[in-house]
Amino acid sequence: MRINSAVQAAIDLTAGAAGGTACVATGQPFDTAKVKMQTFPNMYKGLVDCFVKTYKQVGLRGFYKGTTPALVANIAENSVLFMCYGFCQQIVRRIVGVDRKTKLSDLQNAAAGSFASAFATLVLCPTELVKCRLQAMHEMQVSGKIIQGHNTVWSVVKGVIQKDGPLGFYRGLSSTLLREVPGYFFFFGGYELSRTFFASGRSKDELGPIPLLLSGGFGGSCLWIAVYPVDCVKSRIQVLSMAGKQAGFMGTFATVVRTEGVSALYSGLTPTMIRAFVANGALFLAYEYSRKLMMKQIDSY
């Protein structure tokens, strides 16, 4: 049975939302540590030190600061990402001149994922800005960069609108694009390459949960290894712009390298890699299984 394009888009969007929810549920504490260590590398000696200090300062809830915008960000990003991924796969098929039902190669799927990420960036940037600011709010106050912090999503949103207007939510947009477009080439490429390895000549659709978890984890690891310095600069722009005018991507990048050294661009890499494997494994497992379930329901009618 051939599924209508609109129905297929709705299935991909819903499955992407399920994947985004699973991603946040499994990886939020590590994401919080990542943002703290990226923006204030001199405050923490490493991952364990960051966890211990965060727990002593604000308790367990400190690890879940920014969970609401993170949930909104991941659901929005992955819904749009996977919906556009399906469309971009069709565009790639037209470009290479194959039938719409032809299976794409791993490289072609990587290119489709890269194209799709550009659209996802537009919904991701505003919500990620709010998330990062909430996660690093305590450090901004302790360092004296701001006097009064914001403790809720609404107070951060209101502060952005009052200070910079609606366009303030797009601080770090160029950095986000620089991270997403090449990053998702490696993300989908790594995922599909890993699935091909585990399938060993069989259909990828027959893979069980363990190969899917490992493939998703591998894809997530490929993404973050490739673009981590860009993400570090993005986090600094989005967080430090709370204290006043912040330089753009090249200015911030040059300042970090000049004053702190290249190693500062890799602050927080350990929690990121742990989160990348666990959270993205959960993301793809939730996406693939929820998508299969919905496709079966449609086929049964």
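**Close-up views of a predicted model**

View 1. Asparagine 280 is found in helix 10 (residues 269–300); helices here are DSSP runs of H or I of at least four residues, numbered from the N terminus. The model is predicted: local features need pLDDT of at least 70 and side-chain atom pairs count only at pLDDT 80 or more, while totals for chains, interfaces and linings use all residues. Residues are numbered from 1 along each chain as its sequence is written, and side-chain values use heavy atoms, with hydrogens and water left out. With a relative accessibility of 6%, asparagine 280 counts as buried (under 20% relative accessible area, 1.4 Å probe, protein chains only). Its side chain reaches the backbone oxygen of alanine 276 at 2.9 Å. Beyond neighbours within four places in sequence, asparagine 280 is in contact (heavy atoms within 4.5 Å) with Phe187, Gly216, Gly217, Gly220, Trp224 and Arg275.

**View 2. Tryptophan 224 in helix 8.** Helix 8 (residues 209–240) holds tryptophan 224, which is buried at a relative accessible area of 8%. Apart from neighbours within four places in sequence, the contacts of tryptophan 224 include Lys34, Arg179, Asp231 and Asn280. Phenylalanine 249 is 25 residues from tryptophan 224 in sequence and 18 Å from it in space, C-alpha to C-alpha.

**View 3. The salt bridge between aspartate 231 and lysine 34.** The closest N and O atoms of this salt bridge are 2.7 Å apart; the term denotes a side-chain nitrogen of Lys or Arg within 4 Å of a carboxyl oxygen of Asp or Glu. Because aspartate 231 lies in helix 8 and lysine 34 in helix 1, the pair ties together parts that are 197 residues apart in sequence. Aspartate 231 is buried at 0% relative accessibility, and lysine 34 is buried at 3%.

View 4. Arginine 179 and glutamate 128 form a salt bridge whose closest N and O atoms are 3.1 Å apart. This pair links helix 7 (residues 173–199), which holds arginine 179, to helix 4, which holds glutamate 128, across 51 residues. Both residues are buried. A network of salt bridges links Lys34, Glu128, Arg179, Glu180, Asp231 and Lys234.

**View 5. The salt bridge between aspartate 31 and lysine 131.** Here the closest N and O atoms are 2.7 Å apart. Aspartate 31 in helix 1 (residues 5–39) and lysine 131 in helix 4 (residues 106–135) are 100 residues apart. Aspartate 31 is buried, with a relative accessible area of 5%, as is lysine 131, with 4%. The structure holds 16 salt bridges.

Conventions. Helix = DSSP H or I, 4+ residues; strand = E, 2+ residues; numbered from the N terminus. Buried < 20%, exposed > 50% of the residue type's maximum accessible area, 1.4 Å probe, protein only. Polar contact = N/O pair within 3.5 Å; in protein donor to acceptor, adjacent residues only side chain to side chain.
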